Amino acid sequence: MTLDLSDRVAVVTGASRGIGYFIARELAAAGAHVVAVARTVGGLEELDDQIKADGRGQATLVPLDLTDMAGIDRLGGAIHERWGKLDILVANAGILGVISPIGHVEAKTFEKVMTINVTATWRLIRSVDPLLRLSDAGRAIIMSSNAAHSARAFWAPYAASKAAAETMMRSWAHETESLPLRVNAADPGATRTAMRAQAMPGEDPETLPHPSEIARRIAPLASPTLKETGLIFQAKHNRFVAYRQPE
């Protein structure tokens with residue numbers, strides 16, 4: 001089924017490159033007005049040019065460092081003033097930090113991972129939750145990772161941050177399950193991105209799916225017809241899975 005997001009407003013963070021860039025393009029191509037958020041102005045301008053070249057949808061560019069918590073609050077206010085609602089949130093921005101034994105991680109590195117991946121995600125949710133509730137079919141996609149569950153050696157800060165983001169998603173989904181708002185996490189799996197290259201420098205990137213492919217699989221989570229909420233979408237397998245309690 002063709003994704004139709006005509007007249008819908010979407011926020012995508014981390015929109016200047018990688019999966020966020022291609023999700024923003026997918027949503028715009030489906031007719032959405034994309035509020036593209038990222039630190040890199042040049043990357044946002046490239047995205048805007050490409051959305052225009054794609055021939056459908058529009059973009060509003062928001063250069064914003066997500067450590068600027070007051071800026072995230074202002075973003076919600078600006079969206080309310082211009083559109084009076086928000087239909088789609090894609091909380092995609094995140095950082096890896098370091099691959100290191102947990103005892104060797106510097107405090108400033110750990111704190112930055114938590115600030116971007118957890119605190120900024122919470123602040124974003126807090127800022128736009130009232131706006132998503134004003135939509136007839138609000139949709140929220142919180143980007144996660146299998147690292148949240150595998151807890152593999154040397155990945156502690158990133159894994160902990162994604163586990164926290166997923167837990168916030170699940171609580172939010174429970175809080176809103178009686179509303180039209182649907183809230184899910186998306187696990188993109190190993191993807192040909194700069195973050196993956198940072199984590200796995202010896203890996204052949206050509207063996208991994210391109211972020212445009214992963215974005216095409218994740219974009220339908222923004223559909224007004226979506227029924228699922230509180231689940232994890234595994235892009236690698238193109239399926240939803242439920243969280244399981246420890247046995």
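Here are legends for several close-up views of this protein, which is a predicted model.

**View 1. An open sheet of eight strands, seen as a whole.**
Let's start with the sheet. Reading across it, the strands come in the order E3-E2-E1-E4-E5-E6-E7-E8, and their pairing is mixed. At the edges you'll find strand E3 (58-63) and strand E8 (239-241), each of which pairs on one side only. From one strand to the next, the twist averages 20 degrees. If you're wondering what holds such strands side by side, strands of a sheet pair through backbone hydrogen bonds, either parallel or antiparallel.

**View 2. Strands E1 and E4 side by side, with two helices packed on the sheet.**
Zoom in on strand E1 (residues 9-13) and strand E4 (residues 88-91): they pair in the parallel sense over three bridges. To spot one of these links, look for Ala 10, whose bridge partner in E4 is Ile 88. Now bring in helix H1, which packs on the sheet and touches E1, E2, E4 and strand E5 (139-143). The direction of H1 makes about 170 degrees with that of E1. Helix H2 (residues 41-54) packs on the sheet too, touching E2 and E3. Its direction makes about 180 degrees with that of E3.

**View 3. Strand E6 and its partners on either side.**
How many of the residues of strand E6 (residues 182-187) are buried? Six of its six residues are, and the strand is mostly covered. In a regular strand the side chains alternate between the two faces of the sheet. For E6, Arg 182, Asn 184 and Ala 186 sit on one side, while Val 183, Ala 185 and Asp 187 sit on the other, and both faces are covered. E5 and E6 run parallel and are joined by five bridges; for instance, Ile 142 has Ala 185 as its bridge partner in E6. E6 also pairs with strand E7 (residues 232-234), again in the parallel sense, over three bridges. There, Ala 186 stands opposite Phe 233 in E7.

**View 4. Ser 16 in the loop between E1 and H1.**
Is Ser 16 buried or exposed? Its relative accessible area is 15%, and buried means under 20%, so Ser 16 counts as buried. Who are its contacts? Leaving aside neighbours within four places in sequence, Ser 16 is in contact with Tyr 21, Ala 38, Thr 40, Gly 43 and Leu 44.

**View 5. Ser 100 and Trp 155, two loop residues.**
Ser 100 is found in the loop between E4 and H4, and Trp 155 has its place in the loop between H5 and H6. They are 55 residues apart in sequence, yet 6.7 Å apart in space, C-alpha to C-alpha. Ser 100 is at 12% relative accessibility, so it counts as buried. Trp 155 has a relative accessible area of 10%, so it is buried as well. Not counting residues up to four places away in sequence, Ser 100 touches Val 105 and Phe 154.

**View 6. The largest pocket and its lining.**
Rolling a probe the size of a water molecule over the atoms shows where empty space is left. In the largest pocket, that space comes to about 1300 Å³. Its lining has 49 residues, and Gly 94, Ile 95, Leu 96, Tyr 158 and Met 195 lie nearest the centre. Which element gives the most to this lining? That's H7, with five residues. Among the other elements that supply at least two residues each are helix H1 (18-29), strand E2 (33-38) and helix H4 (107-133). Sorted by class, the lining holds 20 nonpolar, 20 polar and nine charged residues.

**View 7. The largest cavity, with about 40 Å³ of space.**
Which residues line the largest cavity? They are Thr 13, Leu 66, Ala 91, Asn 92, Ala 93, Ile 116, Ala 120, Thr 121 and Leu 124. H4 provides the largest share, four residues. By class, this lining has six nonpolar and three polar residues, with no charged ones.

Terms used. Residues numbered from 1 in each chain as written. Predicted model: local features only at pLDDT ≥ 70, side-chain atom pairs only at ≥ 80, totals over all residues. Heavy atoms only, no water. 1 Å grid on protein atoms, 1.4 Å probe; cavity = no way out; pocket = protein on both sides within 12 Å on 5 of 7 lines; lining within 4 Å. Points joined across faces, edges and corners; volume = space filled by probe spheres on them. Nonpolar A, V, L, I, M, F, W, Y, C, P; charged D, E, K, R; others polar. Buried < 20%, exposed > 50% of the residue type's maximum accessible area, 1.4 Å probe, protein only. Pairing = 2+ DSSP bridges. Axes fitted to C-alpha atoms, helices over the stretch in contact; angles between N-to-C directions. Contact = heavy atoms within 4.5 Å.
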